[in-house]
Amino acid sequence: MVQHLPDGVAIGAPVSAAFAEVLTPQALSFVAALHRKLNPRRLELLDARKQRQLRISNGQLPDFLSQTAPVREDPGWQTAPTPPDLQKRWVEITGPTERKMMINAMNSGANVFMADFEDANSHTWSNMIEGQINLRDAVERTISFTNPDGRQYRLADQTAVLMVRPRAWHLVEKHVLIDGEPASGSLFDFGLFFFHNARRLLEKGSGPYFYLPKMESHLEARLWNDAFLFAQDALGIPRGAIRATVLIETILAAFEMEEILYELREHSAGLNAGRWDYMFSVIKKFRDLPGFTFPDRAQVSMTVPFMRAYTELLVKTCHQRGAHAMGGMAAFIPSRKDAVVNENALRKVREDKLREAGDGFDGTWVAHPDLVPVASEVFSSALGVKDNQKEHLRQEVTASAQELLDFRIPGGAITENGLRTNINVGLQYIEAWLRGSGAVAIYNLMEDTATAEISRAQVWQWIHHPAAVLSDGRKVTQELYRHMLPEELEKIRVLVGDQVFQSGKFDLAARIFDQLVTQDEFIDFLTLIAYDYLE
């Protein structure tokens with residue numbers, strides 16, 4: 001147990017001796033101060049999201065903001081200079097804060113490892129606090145792991161630079177109450193890591209570096225910047241020591257990329273094209289508009305008009321302001337059994353990374369260590385001895401609001417296979433998440449929450465939209481979905497085996513998925529529902 005909890009702080013979960021090492025009274029006091037200072041504005045901004053959604057559903061499409069035009073039109077401002085150890089970010093590998101995975105990722109040869117408290121993590125109490133312990137040990141280079149077979153894992157002499165992704169603004173840490181309300185998950189994750197590691201990272205020649213997820217406006221970026229200023233001042237850390245890369249993974253943030261960089265300019269490390277959540281955001285925001293449906297998600301490639309406009313504008317925006325532009329995720333898991341699958345998938349990964357390098361991106365994301373050499377070779381060939389290509393300004397790009405909203409998918413169709421895949425993958429991911437795993441291997445892909453979000457959002461929209469018709473002419477209905485649900489569960493049972501299926505949480509996953517796709521009101525994030533079932 002934590003001795004002498006700070007006034008107003010309560011913990012409703014077990015605290016072992018190891019947990020108490022990071023849940024110290026001083027650290028909790030710091031988190032509580034952050035929460036008290038910033039949580040009221042966090043709640044106001046979440047309410048503003050709801051109001052914005054109502055306007056969109058009533059036909060008011062997003063556009064570039066007239067009130068922030070002076071920021072976009074001012075050529076004089078730049079983001080802060082990039083720290084030396086973040087200049088070269090050709091390949092960034094991501095994964096949860098699980099101990100063995102962290103060691104493998106940091107030893108993978110990637111330039112950066114993003115330790116994820118968010119989409120690649122199931123938000124159990126043990127995952128979140130053990131993750132903080134693992135990060136502390138990684139910073140101190142004392143982290144190790146011994147497999148049941150006796151194999152030992154330790155950090156190599158040369159490791160990836162560490163970045164941390166806290167939970168997004170909409171999530172809470174239900175096990176920690178501050179003045180009777182759940183702590184902001186964002187501020188809890190950020191605050192604990194910063195309190196324990198910021199000074200040590202600076203002493204080691206690095207710094208407290210972060211990835212910031214799922215923002216929908218520059219005002220949400222301003223809130224993060226205020227959190228950074230408050231945290232640095234409170235601990236006597238120099239202002240500007242923090243660096244943060246923002247994931248542009250919502251359609252609304254795409255219209256405010258320059259403003260987001262501006263708000264964080266003294267702490268900015270660039271923007272990232274979070275492609276899968278971006279697709280989910282488009283489905284979510286425009287779900288009620290007449291005439292708007294997406295075909296199977298596999299058909300929504302990075303070369304369709306709206307995705308092309310978004311990624312090119314991101315590169316242009318970053319480079320004009322002196323910031324890094326980071327490409328999207330390659331989620332393929334190489335197979336050691338199927339050479340044909342490997343060859344085809346690696347060819348697609350290479351083509352994707354060649355497109356990113358050619359567009360001017362300074363680096364990219366991968367989900368598996370075996371993809372690090374593939375992506376690294378592409379960026380090495382494109383950049384040579386340069387750490388980045390910020391000088392590639394892309395001045396020819398003039399992405400308009402109309403282009404960002406051009407959702408045409410040439411040849412796109414909703415198919416029975418696409419519907420079944422969404423049901424099947426959504427069920428498998430939610431079941432794994434309920435068991436405490438947020439990075440899940442499904443059909444040779446490393447999936448995180450974004451995949452399940454797209455899957456269930458498409459099924460919801462297809463059921464509720466009158467224009468959603470399968471390529472064979474059948475209307476997607478709740479009855480059709482309910483006919484397929486048990487069939488997909490049976491396929492999963494055959495795939496994983498009776499023992500795993502019976503001991504798992506597939507029945508609960510099916511109930512949650514069914515709620516997400518059939519009820520009239522669209523639920524903004526599946527984790528808001530599923531989190532209630534986690535310990």
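Is Y278 buried or exposed? Y278 has 0% relative accessibility, so it counts as buried (under 20% relative accessible area is buried, over 50% exposed and in between partly exposed, with a 1.4 Å probe and protein chains only). This is a predicted model, where local features need pLDDT of at least 70, side-chain atom pairs count only at pLDDT 80 or more, and totals for chains, interfaces and linings use all residues. Residues are numbered from 1 along each chain as its sequence is written, and side-chain values use heavy atoms, with hydrogens and water left out.

**View 1. An edge-to-face pair, Y211 and W365.** The whole structure holds 28 aromatic pairs (rings of Phe, Tyr and Trp, the latter by its six-membered ring, with centres within 6.5 Å; planes under 30 degrees apart are stacked, over 60 edge-to-face, the rest tilted). In this one, the ring centres are 5.3 Å apart and the planes meet at 70°. Y211 sits in strand β9 (residues 209–212) and W365 in strand β13 (residues 363–366), so the pair ties together parts 154 residues apart in sequence. Helices (H or I, at least four residues) and strands (E, at least two) are DSSP runs, numbered from the N terminus.

**View 2. A stacked pair, Y278 and Y310.** Here the ring centres are 3.6 Å apart, with planes at 5°. Helix α10 (residues 275–285) carries Y278, and helix α11 (residues 305–320) carries Y310. Y310 is buried too, at 0% relative accessible area.

**View 3. K284 over the face of F525.** The distance to the ring centre is 3.7 Å (the rule asks for NZ of Lys or CZ of Arg within 6 Å of the centre and within 35 degrees of the ring normal).
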